[in-house]
Amino acid sequence: MKEITVVFLLNGKKTSITSLPNRTLLDVLRTDLGCTGAKDACGGEGECGACTVILNGKPVNSCMIFIGQVEDHQITTIEGLMEKGEYHRLQKAFVDTGAVQCGFCTPGAILTAKALLDENPHPTDLEIREGLSGNLCRCTGYNKMIDAIHLAEQRGLDD
Amino acid sequence: MTDKYTTVGKSLHRKDAWEKTTGKALYTADIPVENVRVGLIIRSPHHFAKILEIDKKSSLDIPGVLAVLTSDDIPGAKEFGPLISDQPSLARDVVRHLGEPVVLIIGETKQAAEKAADQIQISYDPLTPVFDPVQAAKEDAPQLHMDGNVITELNICDGDIEEGFQDAEHILEDTYNLPRIHPGYMEPETSLAVWGDDQTITVWVSSQHPFTDQGFIAAALDLPVGNVRVKSGVIGGAFGGKEDSSLSILTALGAWAIKGAVRLVNTRRESFLAHPKRHPAQIHYKLGARSDGTFTALQAKVHMDTGAYASYGPAVAAILTETLAGSYRIPNVQVETQVVYTNSPLSGAMRGFGSPQSHFAVESMVDSMAEEIGMDPVQIRRVNILKVGEKMFTGVVLNETATALPICLEKAQHAMDRFQAVEASPGKKAGVGIALAAQSMGLGAHVPDDSTHRLEWSPDGKVLIHLGSPDLGQGLAMAVEQITAEALGLPYNQVESLPLDTLDRPNGNTTCASRMTYMVGNALIDASEKLIEDLLSRAGDILELPAGKLIYKEGQIIKEDGTTLPVVEFLGRLAEDSILLTSESTFSFPYPEETTPQDLPIGMPHVLYCFGAQVARVEVDPDLGTVEVTHFAAIHDVGKVISQSGVEGQIEGGVATGLGYALYETMLNKDDQWVDSFTEYLLPTSKDLPIHYENIILEIPEASGPYGAKGIGEIPLVPTAPAVANAVKNAIGVRVKNLPITPERILGFID
Amino acid sequence: MQEFNYYRPVTITELKENLSQPGTRILAGGTDIVPKMRQGKFFASILVDTSGVKAMRFIEDQGSEIVLGALTTHQEAADSALLKNINPALVTAAESIGCQQTRCRGTLGGNIANASPAADTIPPLLIFDATLLLQSLGGDRRIPLEKFILGPGETDLQEGEFIHSISFKPLIGSWGSAFIKVGKRSGMAVSVVNTAVAVELNDKGKISDVRIALGSVAPTVIRCRKVEQSLMGKEPEPSLMKEIHAACQEEISPITDIRSTEEYRDHAAAVIIQRGLESAVEQAVGRGR
């Protein structure tokens with residue numbers, strides 16, 4: 001099995017990785033790139049969303065993407081969400097509404113929410129539920145996450 | 001809401017939330033350690049088999065393979081178990097369930113360990129397994145353990161059931177089947193162990209009971225307990241399933257074997273197969289009532305399947321049994337409960353701990369009886385709910401907080417009225433259902449239950465809580481910080497909990513049983529008082545004044561003449577003399593002799609109860625049998641809200657779990673394989689929860705609770721499934737008695 | 001995870017060349033293949049990643065035909081105004097698959113190649129008699145989608161071939177199409193049974209053309225031609241339900257598996273065909289005005 005070199009933008013920074021091609025983006029992020037915010041909760045079946053990252057503006061399950069597939073792409077992980085030491089409005093909203101309990105699903109949920117708001121700045125409740133449906137949570141029952149997304153939406157308007 | 005409190009009752013930020021939103025929170029799989037090796041477990045492919053031979057010779061030569069361990073290699077105790085020491089850390093002579101750990105491989109890399117696994121030959125002699133607890137209890141069933149398959153037989157009686165049924169004008173009998181379900185925490189079981197100098201080891205765990213883990217690890221490695229240090233990583237949910245030391249023992253074993261660092265991270269499949277589930281149960285329930293609705297008798301037979309190992313089976317049986325009469329007055333009762341081994345994956349603690357099973361039976365039967373008699377389901381409950389001072393059939397007297405019951409019913413009635421007024425969507429049939437719940441707090445009488453915690457007032461003014469029990473993610477730390485801040489009159493941000501470490505934190509006991517805010521809160525209120533006392537005494541020494549002449553208030557020491565001095569000044573002076581201001585307090589769960597029945601088996605009864613009611617509105621598609629929960633009201637008495645957002649979060653999350661139990665979740669055995677992934681094991685997603693949702697939180701102070709607080713951790717998922725079943729019956733006239741309530745069951749295609 | 005060598009072509013020419021090597025298999029979005037490889041259910045000594053071949057991601061109205069590039073994602077199909085107009089069943093189906101994360105990666109070509117009997121995009125394509133354009137270094141060929149899928153997970157894709165695009169002719173006149181799926185939960189719902197129905201009404205309001213495809217009731221998604229025949233020339237009304245059920249039973253062979261039972265699938269299939277028909281007829285009546 002031949003190693004490959006993959007070049008992509010990670011949280012705005014040009015990143016080059018040489019790796020065996022049979023490793024997933026999730027594995028490379030966690031093991032080689034110090035981005036442990038993305039989690040494995042379902043065994044890489046794409047059933048839980050805890051590994052969600054944003055790829056070219058879309059939320060994707062990083063456990064189902066081989067590393068070679070991100071060549072030339074833009075990736076945002078939870079580690080890249082803060083700007084100049086300031087929390088993103090979604091991070092603040094999740095904390096403010098009490099949407100964070102054990103937190104294992106939180107990075108994935110926040111990134112899914114960010115991708116949602118970036119494309120649809122004023123989602124309805126149903127659109128939020130649809131958008132979040134790939135992020136499983138056992139702690140919160142989702143209500144406060146939905147509140148958080150609305151709150152972030154409101155604050156985005158005030159900016 | 002009132003507020004004489006500054007901190008208690010508010011919605012404040014959890015201090016650990018920020019790092020959870022940035023990815024910086026370190027769960028046990030994330031903790032960076034040098035040269036950490038990988039553990040891999042070879043698991044039994046059989047449900048039940050003798051192990052004839054394990055041939056590991058050729059695997060040891062593979063480059064990168066550091067150790068290949070079997071039961072023989074365990075230096076100390078080869079078995080463990082919280083109640084019965086029946087669970088081998090690595091299987092010895094026999095495997096009793098699919099997925100049971102047999103061999104532990106430690107490799108430099110995952111690839112090396114996998115290559116070793118391919119080389120290892122294990123020969124088995126398969127035996128005929130048994131999965132049905134009723135069958136397994138029979139004499140001629142395959143025997144799993146030396147002392148037979150029946151581990152617990154309870155027979156709890158009150159009154160005279162023959163008379164009770166004679167007195168009844170209506171008698172109904174039904175059987176309810178509750179499935180095996182997974183706690184569903186998002187973080188799979190994970191452990192990290194690092195061998196130290198001088199025969200010491202440090203183990204990070206994602207666990208509800210680090211001190212218990214410490215004991216089991218020490219026993220397995222034949223080390224003094226003091227040589228084993230257990231630290232809590234950030235925990236990604238537990239829900240009972242992480243009251244289980246199996247993975248941490250193996251991780252420690254691996255680290256001991258290679259005298260290095262080992263991390264084991266379970267896959268989701270391993271989590272399904274080898275870690276504790278909710279007990280499946282078959283409940284035969286016979287209820288007698290008069291035509292005015294009064295219950296006269298209850299007779300129940302319960303068969304619980306604890307799987308291959310006992311785990312907390314007997315304790316779950318206790319709560320299941322005690323709560324089978326629910327919140328009702330039933331003067332004549334007989335409950336026989338049997339806990340049986342089978343070759344299924346083991347069942348143990350899971351949020352609710354027997355109560356979700358019992359309440360599905362009682363709350364479904366109460367509705368059935370209402371229909372039989374021609375009574376309104378709220379009215380029949382009103383007639384029978386226990387009052388203050390009355391006894392449950394176990395002899396437990398309900399205290400003044402039982403006034404919650406009629407209030408819960410009243411609020412439930414209002415919710416039912418609101419939901420019933422909503423018109424059904426075209427083509428659908430709508431129905432509304434109610435269920436009540438009584439959830440016990442505590443571990444049960446005669447089970448030692450002490451929780452010790454410490455406070456430290458550091459020189460910079462911060463009060464540090466040496467929390468002796470882990471926060472599982474539910475927000476225990478936040479709640480007890482609020483309590484401590486209130487008790488000391490300090491701002492919330494001046495109080496902080498420290499991560500749990502057996503080296504220097506006191507033993508707060510297991511985080512479980514709806515009792516943490518209650519016990520830890522009480523301990524810290526007492527510790528706060530001791531801290532203040534100590535502070536005033538030392539301040540008096542420094543000021544050369546009697547302590548009685550000084551008052552403490554909100555971070556200030558106040559002299560008789562009214563002058564105030566900040567506490568920080570005194571702390572600084574004490575620090576100069578190397579004096580650290582600390583206090584410690586132990587709270588023991590109260591079982592007052594005068595009111596605790598003494599004639600029951602150990603672990604019974606539970607004497608303090610939380611109450612609640614839930615109302616569900618469903619729409620059923622009459623042709624497809626699909627169910628949508630459109631409206632939901634959760635009514636819960638918590639004594640006193642400590643953290644508003646924390647309490648809401650517990651209720652909302654619990655209801656979601658309850659809806660999963662009601663409608664989607666079951667770990668079936670199909671084609672000889674267990675459901676072992678989220679592809680087939682369906683947790684509720686954000687689209688599966690009711691759009692219209694109401695929290696109705698009551699505060700009926702519990703006199704013995706911190707600021708009047710009671711528990712909320714488990715009860716929110718207890719009445720959910722029966723509320724949904726009752727709503728489905730109301731909608732289309734079909735009573736589903738087996739969970740989950742699937743379209744196939746509603747339309748009668750399966751039982 | 002298995003070991004493999006990895007190619008990432010960016011043009012169709014490169015793709016053809018890569019696939020002409022022995023032992024190659026195609027990777028598109030990865031939502032089926034990556035988990036299967038991890039589980040040991042899919043093998044490749046060379047994995048050819050097509051996800052960079054931009055030329056195969058398109059949705060085009062070519063006049064007489066609508067052509068969809070094989071690498072069009074489910075989300076792109078779901079968001080397409082053109083498809084909403086021409087094949088609303090396909091849009092409903094694409095929207096219903098998995099979740100945001102998997103829809104942004106999963107492709108129409110990948111879903112077809114995976115050939116699951118529960119696939120959601122296949123029924124709406126079958127009812128439009130979709131054909132596939134298969135390409136390889138050796139040349140091109142067209143094949144009806146119905147003939148391409150041979151069994152669960154089995155297709156007629158030959159070594160060196162890839163699906164370039166999927167085409168179908170739009171329906172004209174008073175027509176309508178609908179997709180209905182029964183899942184075990186609302187979010188991330190795998191089909192227990194699904195159907196796509198297209199209907200055309202003549203100027204007397206009777207059914208002049210009807211196409212029905214059912215999933216999860218046979219080893220592949222099937223066209224229910226007996227049901228279609230039984231409906232031809234009829235007035236669309238509720239009493240047709242009995243005929244649908246009877247005709248349906250003759251053509252389907254549902255099984256009992258971890259998700260559902262044979263009896264339930266049998267029952268639900270008829271229900272959703274009837275509902276699909278109602279919905280499609282409503283659209284057809286709307287278009288007829």
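This is a predicted model: local features need pLDDT of at least 70, side-chain atom pairs count only at pLDDT 80 or more; totals for chains, interfaces and linings use all residues.
Where the two domains meet, domain 1 of chain B puts in 16 residues and domain 3 of chain B puts in 20. On the domain 1 side, helix H12 (476–488) and helix H13 (516–543) of chain B each bring at least two residues to the contact. Sorted by class, that side of domain 1 of chain B comes out as seven nonpolar, seven polar and two charged residues. As for the bounds, the domain assignment of chain B puts domain 1 at 17–24 + 450–588, domain 2 at 36–127 + 189–265 and domain 3 at 281–386 + 398–444 + 594–746.

Chain A is split by its domain assignment into domain 1 (4–80) and domain 2 (89–158). Their C-alpha centres lie 21 Å apart, and 16 residues of domain 1 of chain A touch 13 residues of domain 2 of chain A. On the domain 1 side, the elements giving two or more residues are strand S3 (52–55) and strand S4 (58–61) of chain A. S3(A) gives the most, with three residues. This side of domain 1 of chain A holds nine nonpolar, five polar and two charged residues.

Turning to the two chains together, 47 residues of chain B are in contact with 40 residues of chain A. The class tally for the side of chain B that touches chain A reads 17 nonpolar, 21 polar and nine charged.

Back in chain A, helix H2 (residues 89–97) has eight of its nine residues buried, so this helix is largely enclosed by the rest of the structure. The buried residues of H2(A) are Arg89(A), Leu90(A), Gln91(A), Ala93(A), Phe94(A), Val95(A), Asp96(A) and Thr97(A). What do the buried residues of H2(A) pack against? Within chain A, the partners are helix H3 (106–119) and helix H5 (143–158), and from chain B there is H1. Just past the end of H2(A), Gly98(A) adopts a positive phi of about 80°.

Conventions
Residues are numbered from 1 along each chain as its sequence is written. Chains are lettered from A and ligands numbered from 1 in the order in which they are written. Domain bounds come from an automatic or database domain assignment. Two residues are in contact if their C-beta atoms, placed from the backbone, lie within 7 Å. Helices (H or I, at least four residues) and strands (E, at least two) are DSSP runs, numbered from the N terminus. Ala, Val, Leu, Ile, Met, Phe, Trp, Tyr, Cys and Pro count as nonpolar, Asp, Glu, Lys and Arg as charged, and the others, Gly among them, as polar. A residue is buried if 20 or more other C-beta atoms lie within 10 Å of its own, exposed if 12 or fewer, and partly exposed in between; C-beta atoms are placed from the backbone.
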